[in-house]
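Visitor: I would like a close look at one part of this structure. Please take me through the nonpolar core and explain the terms as you go.

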Amino acid sequence: MKNNTIAIVGATGKTGARVLNQLAAQGYVTRGLSRHTEPVFDWANRDSWHSALEGVHSAYVTYYPDLAIPQAESDIRAFVELAKASGLKHIVLLSGRGEEGAQRAEDVIINSGIAWNIVRASWFMQNFSESFMLDGLKAGQLVLPEPKAKEPFIDVDDIADIAVAALTREDLRNQVLEITGPELLSFDHCVQAIAEASKRPIGFQTAPIDAYLAAAKADGLPEDIAWLINELFVNVLDGRNESTTNTIEKVLGRPARSFQHYVETTLPSGVWS
Ligand SMILES: NC(=O)c1ccc[n+]([C@@H]2O[C@H](COP(=O)([O-])OP(=O)(O)OC[C@H]3O[C@@H](n4cnc5c(N)ncnc54)[C@H](OP(=O)(O)O)[C@@H]3O)[C@@H](O)[C@H]2O)c1
C-alpha cells in the first residue's frame, strides 16, 4: 500500500508541506505538486493537470487562494473528472467551515463516485505567523475588518495529522471531518497572547469593512482578494462558526493543540521579532 503514490496539491503551503513531510517520514511514496514543482501543477492552467496526476492513487488537495471563491467549484469539478479518468481512487479535500462556495466544491467531491474525505477546518492559527496577519504583527499594529464573532482557531499541525489519518486509514473513508481548535478566541486575545510571549507591545485595531477594503485597494489589493476578505470577515465570521468540535479527539485520541501551545512553539522561530 505504501507504494501507491499520494499526490499533495499545494505541497509548499501551510498544510501541504506538513502533510508531505509526515507521509514521507512514514515511508509513503509522495508527489508534491504546485506551480514550482516538477511536474508543475497550476490551477490556472488545466493543461498542466494531466501529467501531474498520472499514476497517482490518492490525493490531498488544497485549492488556491480559497475554496470559497466562485471559480473553485468549476475547477474542482474539472479536477475530479480528470483525476477519475487518470485512475485516482481517493481524494481528501481541505475545506473551510461555513463557506457557501466551499460547500459547493465539497458536494462535487462527495458525489464524485470515488472514495473521499472532506477536512473542513476552522481558521488557522498559522495565519498569525505564516500568512496575511504576520506583517501587521511584526510592525506592532494589526488592523483587520471588524470581526463579529469569536473563532476556534486550529493549529495546522492538527490539520496535517487529520489529513494524514484520512489518507492512510480505511476506517475514516467517506466522512466529513469537521475540525476546530479547542477554544473560542477573539482576534484581540490572540494578538495579546503573541505580544505577551514576544515581550513587545502589539496593537490591535478594527476598521469598518468598507473603509478597510478601500484603503487596501488603494495599496494595490486585487479585486478578487478584496472579494474574499469581504466574504470571510462579513459572511463567514458572522457567528455561524462560533462552536468547537471534538473530531480531533475522536480521530486521533488526543485533544486539539491550544493557541498557547502554538504561541510557545512558534516563538523560538523568531517570526514575530
Ligand atoms: N487560512 C485559513 O484559515 C483556512 C481555513 C480553512 C480552510 N482554508 C483553505 O486552505 C486552502 C489553502 O491551503 P494552505 O493554507 O495549506 O495553502 P497555502 O499556505 O495558502 O499555500 C498555497 C499552496 O498552493 C500553491 N499554489 C498557489 N497558487 C497556485 C496555483 N495557481 N496552482 C497550484 N498551486 C498553487 C502554493 O505553491 P506555489 O506558490 O509553489 O504554487 C502553495 O503550495 C484554501 O483552499 C482555503 O480554502 C484556509
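Guide: What follows is about the core, and then about the ligand shell.

This is a predicted model, in which local features need pLDDT of at least 70, side-chain atom pairs count only at pLDDT 80 or more, and totals for chains, interfaces and linings use all residues. Residues are numbered from 1 along each chain as its sequence is written.

A nonpolar core is a set of buried Ala, Val, Leu, Ile, Met, Phe, Trp, Tyr and Cys residues joined through C-beta atoms within 7 Å. Buried means that 20 or more other C-beta atoms lie within 10 Å of the residue's own, with C-beta atoms placed from the backbone. The largest such core holds 68 residues, and Ala59, Tyr60, Ile91, Val119 and Ala163 touch the most other members. Helix 6, residues 156-168, gives the largest share of this core, 8 residues. Helices here are DSSP runs (H or I, at least four residues), numbered from the N terminus.

Take Tyr60 from that group. Leaving out residues up to four places away in sequence, Tyr60 touches Ile6, Ile8, Val9, Gly16, Val19, Val92, Ala163 and Leu167. Two residues are in contact if their C-beta atoms, placed from the backbone, lie within 7 Å.

Now the ligand. It is surrounded by 25 residues, and the closest are Gly10, Gly13, Thr15, Ser34 and Arg35. To count as near, a residue needs its C-beta atom, placed from the backbone, within 6 Å of the molecule. The shell divides into 11 nonpolar, 10 polar and 4 charged residues. Here Ala, Val, Leu, Ile, Met, Phe, Trp, Tyr, Cys and Pro count as nonpolar, Asp, Glu, Lys and Arg as charged, and the others, Gly among them, as polar.

Conventions: A residue is buried if 20 or more other C-beta atoms lie within 10 Å of its own, exposed if 12 or fewer, and partly exposed in between; C-beta atoms are placed from the backbone. Helices (H or I, at least four residues) and strands (E, at least two) are DSSP runs, numbered from the N terminus.
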